[in-house]
Amino acid sequence: MAYDSFMGRYSRRLAPLFADTAGVTAGQRALDVGCGPGALTGELVSRLGAAAVLAIDPSEPFVADCAVRHPGVLVRHGTAEATGVDDASADVALAQLVLHFVAQPEAAARELARVVRPGGVVAACVWDFEDGMAMLRLFWDAALAVDPAAPDQARTLRFGRPGEIVELFEQAGLAEVTESTLEVTETYTGFDDLWAGFEQGIGPAGAWLGAQPDDVRLQVRREMAERLGAPDGPFSLDAVARCATATVSAPPP
Ligand SMILES: C[S@@+](CC[C@H](N)C(=O)[O-])C[C@H]1O[C@@H](n2cnc3c(N)ncnc32)[C@H](O)[C@@H]1O
């Protein structure tokens, strides 16, 4: 699937770190919110077993792909704002690289608190778009050099800055909110391997690039290669995600 060559290669690496931070351990029931094709779902299955994992996503192709990749997991259509999941039915709800796409994040935080049992955990992580996610930073810096009006994700997307997810969780009434950073490294076989991911049309970067005329696409490609030092072999890029975990309080007696 196209997603795998672009973001999936990072989210697969991020999933075990995120699951560790959220304290996912055998015996729990977990909800994967915004599962995509299932990078985190797979990590949850390996820890909890397929029957203990529920995954939701608003994208039908992702729902179908996740279901095929993870037999035995209940994969449903749903959003973070309206999961369709019963009250207090999960021990942990996780949203990996999702909050920045959610139209009503405040409603989503309340919804995640609703579906997790008292004492359970809600967790979310989002890339540090400003300068922590080298792949996207390189792309948008190159795009801005070619077109100063390019919609740099650091300016348009929320929740990658310190404290943003924490504030959202606290406003939703969640307790013991803790912030951390998660860091992964991805290796590319060469510049074409990196560039091919952007050509898939995935996410804001792929969508913007796909809407540009050929000469602009070529200029962005050249600019990006130059900023990377025109590598003629393998290289690695780091990515930092901002993460917050919180506990669901018991309802007042
Ligand atoms: C960058 S992908 C992350 C997918 C997966 N969690 C991962 O780590 O690979 C963002 C996902 O958020 C989903 N999404 C977008 N809006 C959403 C919403 N309102 N509620 C839940 N998921 C949403 C998209 O369909 C997509 O699958």
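## Close-up views of helix packing and the ligand shell

**Figure 1. Helices α1 and α2 each contribute at least two residues to the shell around the ligand.** The model shown is predicted. In total, 22 residues surround the ligand, and the closest are Ser11, Gly34, Gly36, Thr79 and Ala80. The largest contribution to this shell comes from α1, which gives 3 residues. Sorted by class, the shell around the ligand comprises 13 nonpolar, 7 polar and 2 charged residues.

**Figure 2. Helix α1 (residues 2-21) crosses helix α2 (residues 39-48) at roughly 40 degrees.** The axes of α1 and α2 come within 8 Å. On the side of α1, the contact is formed by Gly8, Ser11, Arg12, Ala15, Pro16, Phe18 and Ala19; on the side of α2, it is formed by Ala39, Leu40, Glu43, Leu44 and Arg47. The contact of α1 with α2 contains 7 nonpolar, 2 polar and 3 charged residues. Ser11 of α1 takes part in this contact and is also among the residues closest to the ligand.

**Figure 3. Helix α5 (residues 134-146) and helix α10 (residues 214-227) cross at roughly 125 degrees.** Their axes come within 8 Å. The crossing of α5 with α10 is right-handed. From α5, the residues that meet α10 are Leu138, Phe139, Asp141, Ala142, Ala143, Ala145 and Val146. Their partners in α10 are Val216, Gln219, Val220, Glu223, Met224 and Arg227. By class, 9 residues of the contact of α5 with α10 are nonpolar, 1 is polar and 3 are charged.

**Figure 4. Helix α4 (residues 105-115) and helix α7 (residues 164-171) cross at roughly 60 degrees.** The axes of α4 and α7 come within 9 Å. At this angle the two helices are therefore oblique to each other. The crossing of α4 and α7 is right-handed. Pro105, Glu106 and Ala109 of α4 form the contact with Leu168, Phe169 and Gln171 of α7. The residues of this contact divide into 4 nonpolar, 1 polar and 1 charged.

**Figure 5. The chain that provides these views contains 10 helices and 7 strands.** Taken along the principal axes, the C-alpha atoms of the chain fill a box of roughly 65 × 35 × 25 Å. The radius of gyration of the chain is 18 Å, which agrees with the value near 18 Å for a compact globule with 253 residues.

Notes
Residues are numbered from 1 along each chain as its sequence is written. This is a predicted model: local features need pLDDT of at least 70, side-chain atom pairs count only at pLDDT 80 or more; totals for chains, interfaces and linings use all residues. Axes are lines fitted to C-alpha atoms, for helices over the stretch in contact, and angles run from 0 to 180 degrees between N-to-C directions. Helices (H or I, at least four residues) and strands (E, at least two) are DSSP runs, numbered from the N terminus. Two residues are in contact if their C-beta atoms, placed from the backbone, lie within 7 Å. Ala, Val, Leu, Ile, Met, Phe, Trp, Tyr, Cys and Pro count as nonpolar, Asp, Glu, Lys and Arg as charged, and the others, Gly among them, as polar. A residue is near a molecule or strand if its C-beta atom, placed from the backbone, lies within 6 Å of it. The radius of gyration is taken over C-alpha atoms; the globule rule is 2.2 Å times the number of residues to the power 0.38. A crossing is left-handed if the near helix is turned anticlockwise from the far one by less than a right angle, and right-handed if clockwise. Angles under 35 degrees count as roughly parallel, over 145 as roughly antiparallel, 65 to 115 as roughly perpendicular and the rest as oblique.
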